[in-house]
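Subject: Structure handover

Hello,

Here is the structure for you to look through. My notes on what was found follow below it.

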Amino acid sequence: MLDTESPDKSAIQLTDIAPKYGENYKTGYIGFLNKGADVTSIGIAYFTGWDMISDIHVTHTLIVAGEDQCIEADMANNTVKVCTLSKYFNDPNCQIFFRKPIFFNDAVGYAIAHKASLEIGKEYDFGAILTQGLSGTFPGRMLDRLLTGKLEELLGNLLNHPEKWICSELVAYALDEQLFYRDKGILKRPNSTISPQELFEDTEIFTPWKPSPPSTTVTETVIETVTVTKTETETDSGTDLICK
């Protein structure tokens with residue numbers, strides 16, 4: 001059990017579960033990564049409490065393409081590539097969360113993965129990542145107010161390359177190309193301006209997790225039963241068991 005402290009809320013309860021393809025993740029699910037020195041995790045991370053989702057910080061996102069395959073835009077290697085999921089499952093410094101798109105079925109999942117697969121081999125978009133970095137600075141936020149929230153979109157038009165990708169842009173594109181998700185939620189914005197965190201928190205594209213059941217202490221209650229033979233037929237209740 002992993003605890004992540006929040007300043008204003010009780011600790012988020014994070015639990016690792018064993019990855020089981022077809023049960024807790026499928027082709028077309030979207031994976032989100034939380035990496036850091038304070039993380040100790042093996043497998044898939046789940047948590048209790050839907051309202052705690054914004055307290056989890058994610059920095060990377062990918063598309064599941066098979067039992068041990070994902071498609072991702074990799075900054076370090078400057079490319080969109082196929083990668084093993086076990087690389088993340090087995091990394092103790094990485095938590096991976098999966099989100100299931102709404103209206104999901106296998107056909108939809110394969111369509112999402114196929115759309116992303118067409119971009120394999122293309123380069124990483126350092127212009128788009130610069131756009132998100134600049135818009136997140138204090139001067140950038142001030143300028144964004146003056147531009148009524150359009151700074152990131154304007155920078156994206158200037159710096160974004162249509163044939164290159166960052167991780168969240170690729171995922172947003174693969175989703176946005178499906179009629180079920182086109183221009184829903186965060187996808188109303190240009191794909192290049194969407195961060196992994198914003199995608200992770202979206203409530204219109206993805207189905208919410210079911211809250212994990214709270215930990216409880218099981219108390220055994222002994223129920224005494226007494227067998228009684230009814231002799232007054234006019235008051236017969238249809239049962240000869242009385243539970244106390």
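Helices α2 and α6 are oblique to each other, because their axes cross at roughly 130 degrees, and this is a predicted model. Two packed helices are described by the angle between their axes and the distance between the axes. For the distance, the axes of α2 (residues 106-117) and α6 come within 8 Å. The crossing of the two helices is right-handed.

Which residues of α2 and α6 meet? On the α2 side they are Ile112, Lys115 and Ala116, and on the α6 side Leu170, Tyr173, Ala174 and Leu175. By class, this contact has six nonpolar residues, one charged residue and no polar ones.

Is helix α6 enclosed or open to the outside? Ten of the ten residues of α6 (residues 167-176) are buried, so the helix is largely enclosed by the rest of the structure. Among the buried residues are Leu170, Tyr173, Ala174 and Leu175, which also meet α2. Glu169 and Asp176 in α6 are buried as well.

Two asparagines are worth a look.

Asparagine 34 lies in strand β3 (residues 30-35). Its relative accessible area is 15%, so asparagine 34 is buried; the cut-off for buried is under 20%. The side chain of asparagine 34 makes a polar contact of 2.7 Å with the side chain of glutamine 95. Leaving aside residues up to four places away in sequence, asparagine 34 touches Val39, His57, Asn93, Cys94, Gln95 and Phe97.

Asparagine 77 is in the loop between β6 (69-74) and β7 (79-83). With 49% relative accessibility, asparagine 77 counts as partly exposed, because exposed means over 50%. Its side chain is joined to that of aspartate 74 by a polar contact of 2.4 Å. Asparagine 77 and tyrosine 124 are 47 residues apart in sequence, and their C-alpha atoms are 8.1 Å apart in space.

Finally, the chain as a whole. The protein chain has seven helices and ten strands. Of its 244 residues, 42% count as buried. Among contacts in the chain with a separation of 6 or more, 69% are between residues 24 or more positions apart.

Regards

Notes. Residues are numbered from 1 along each chain as its sequence is written. This is a predicted model: local features need pLDDT of at least 70, side-chain atom pairs count only at pLDDT 80 or more; totals for chains, interfaces and linings use all residues. Side-chain values use heavy atoms; hydrogens and water are left out. Buried means under 20% relative accessible area, exposed over 50%, partly exposed in between (1.4 Å probe, protein chains only). Helices (H or I, at least four residues) and strands (E, at least two) are DSSP runs, numbered from the N terminus. A polar contact is a pair of N or O atoms within 3.5 Å; within protein, one must be able to donate a hydrogen and the other to accept it, and residues adjacent in sequence count only if both atoms are side-chain atoms. Axes are lines fitted to C-alpha atoms, for helices over the stretch in contact, and angles run from 0 to 180 degrees between N-to-C directions. Angles under 35 degrees count as roughly parallel, over 145 as roughly antiparallel, 65 to 115 as roughly perpendicular and the rest as oblique. A crossing is left-handed if the near helix is turned anticlockwise from the far one by less than a right angle, and right-handed if clockwise. Contact means heavy atoms within 4.5 Å. Ala, Val, Leu, Ile, Met, Phe, Trp, Tyr, Cys and Pro count as nonpolar, Asp, Glu, Lys and Arg as charged, and the others, Gly among them, as polar.
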